[in-house]
Amino acid sequence: MFTIKTLNAIAEVGLNVFKNNDNYTIDNDAQAPDAIVLRSYNMHNMELDTNVKAVARAGAGVNNIPVNEYTEKGIVVFNTPGANANAVKELVLTTLMASSRNLFAGIQWTKGLEGKGEEVPKLVEAGKKQFVGKEIKGKTLGIIGLGAIGARVANDALRLDMDVIGYDPFISVDIAWNLSRNVQRAMSLEELYAKADYITVHVPFTKDTGGMFNKDSFAIMKDGVHILNFSRGELVNEDDMAEALESGKVGKYITDFPNEKVLKMPNCVCIPHLGASTAESEENCAIMAAHQVKEFLETGNIVNSVNFPNASLPYTGKRRVAAFHQNVKGMVGQITAVLSNYDLNIADMVNRSRGDYAYTIIDIDNKFNGDLTPALEENIGKIPGMVNVRII
Ligand SMILES: NC(=O)c1ccc[n+]([C@@H]2O[C@H](COP(=O)([O-])OP(=O)(O)OC[C@H]3O[C@@H](n4cnc5c(N)ncnc54)[C@H](O)[C@@H]3O)[C@@H](O)[C@H]2O)c1
Ligand SMILES: O=C(O)[C@H](O)COP(=O)(O)O
């Protein structure tokens, strides 16, 4: 039996992966669940029971999860790459066009005419000149981060007759294959900043990207540039942004991450973190997260982890060792030595590393009684450098 705890509302269709299976209970009050599924809930400073084996983020960003701490404890962290990318792309393009046409300010102003009676049509015609906008056709869109979201935005912005320049020094081969060859490649952020009329950012929040929008980067940008931030608020130095908006250096700031300071900024379009909030995206993320957790709990196979190496062996029902350990020499040999001490033969195995850690799955040929499990877990667990081990 496995217990799943959720920390945010997770789409029912995803929860049904567990609810329709007798081996699972969903208990949001559980103190010692086997796995946790969440969206943006902040897990920093949350005490986790040692029984927790997996944490699945139904979404992309994992900065709400203390990933490094969990790695050291041997807790696998998943996310759901690309599952909400279309939803974000649609909102980026919607707000890019809407803000370029001053639509949000115009709608708000018009609403303020309520009560003016028959004067309204005349006031509308007289007032509309203050909201004259700009067309995006022929303008340059700079995209920082050409991952699941950025690449989709790039391809569709070209279809809207924009020129597109992208910057991503770590672009994946899969994405590169799917990116239109009409997307220009910026060799540096400075090049992108200097050329773009609109900039949209689609990178994770890390120590390298935090505060990347600041007075120095604004200084290189075109006057009146529009900046769209559907990634994380922390990418922007807010004091510098407030100043750049006041002076008109930045024409508009469209953000999915408002706070008190941001709400006070002029020419700022504040959205209540709606990027991934569509029924389709919530379902995609929930289904993907649930399947990844189920696969890991039942077979030890790892797909789409952000901290463990991905590693899978077709599950044949044979007894299996799933061991997470330091990436040092001799680990596999020591695990197999324990198995031979118990006269157990290996049927299949896989070993994958990622940075300082590695993950080994070994299928055991012999049938054995469950009584052997504690001894195997204890003896493999004692190997120096072993983080945790499960006999499945
Ligand atoms: N607003 C929302 O609701 C919402 C929804 C989904 C994702 N997000 C945010 O958007 C981010 C991106 O999501 P995604 O699904 O496209 O992720 P992704 O992992 O598919 O893409 C991220 C891209 O950024 C690139 N990158 C990393 N560091 C970079 C750097 N320093 N400079 C340039 N490129 C860099 C990577 O190479 C990768 O291609 C997430 O990390 C999350 O913070 C927000
Ligand atoms: O990183 C993400 O996937 C987004 O920020 C979506 O967050 P949400 O699931 O809380 O809407």
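This is a predicted model: local features need pLDDT of at least 70, side-chain atom pairs count only at pLDDT 80 or more; totals for chains, interfaces and linings use all residues.
Residues are numbered from 1 along each chain as its sequence is written, chains are lettered from A and ligands numbered from 1 in the order in which they are written, and side-chain values use heavy atoms, with hydrogens and water left out.

Which backbone atoms make polar contacts with ligand 1? A polar contact is a pair of N or O atoms within 3.5 Å; within protein, one must be able to donate a hydrogen and the other to accept it, and residues adjacent in sequence count only if both atoms are side-chain atoms. A backbone N or O atom of Phe230 is 3.0 Å from a nitrogen atom of the ligand. Polar backbone atoms also lie 3.3 Å, in Ser231, from an oxygen atom of ligand 1, and 3.4 Å, in Phe170, from an oxygen atom of ligand 1. The protein buries 84% of the 870 Å² that ligand 1 exposes when taken alone; accessible areas come from the Shrake-Rupley method with a 1.4 Å probe, and for residues only the protein chains shown count as cover.

I turn to ligand 2. Polar side-chain atoms approach oxygen atoms of ligand 2 at 2.5 Å from Ser40, at 2.8 Å from Arg232 and at 2.9 Å from Asn84. Of the 320 Å² of accessible area that ligand 2 has on its own, the protein covers 89%.

Next, the sheets. Seven strands form an open sheet with parallel pairing, in the order β8-β7-β6-β9-β10-β11-β12. Strands are DSSP runs of E with at least two residues, helices are runs of H or I with at least four, and both are numbered from the N terminus; two strands pair if DSSP finds at least two bridges between them. At the edges, β8 (184–185) and β12 (268–270) each pair on one side only. Two bridges join β7 (residues 163–167) to β8 in the parallel sense, and Ile165 stands opposite Gln184 in β8.

Helix α10 (residues 238–247) lies across β10, β11 and β12, at about 135° to β11. Contact means heavy atoms within 4.5 Å; axes are lines fitted to C-alpha atoms, for helices over the stretch in contact, and angles run from 0 to 180 degrees between N-to-C directions.

The other open sheet has four strands with antiparallel pairing, ordered β14-β15-β13-β16. Why is one side of β14 (346–354) and of β16 (386–391) left without a neighbour in the sheet? Both stand at the edges with a single partner strand each, so that side has no neighbour. From one strand to the next, the twist averages 10°. Strand β13 (residues 320–326) runs antiparallel to β16 and is joined to β16 by five bridges, with Ala323 opposite Val389. Helix α14 (residues 372–381) lies across β13 and β16, running at about 165° to β16.
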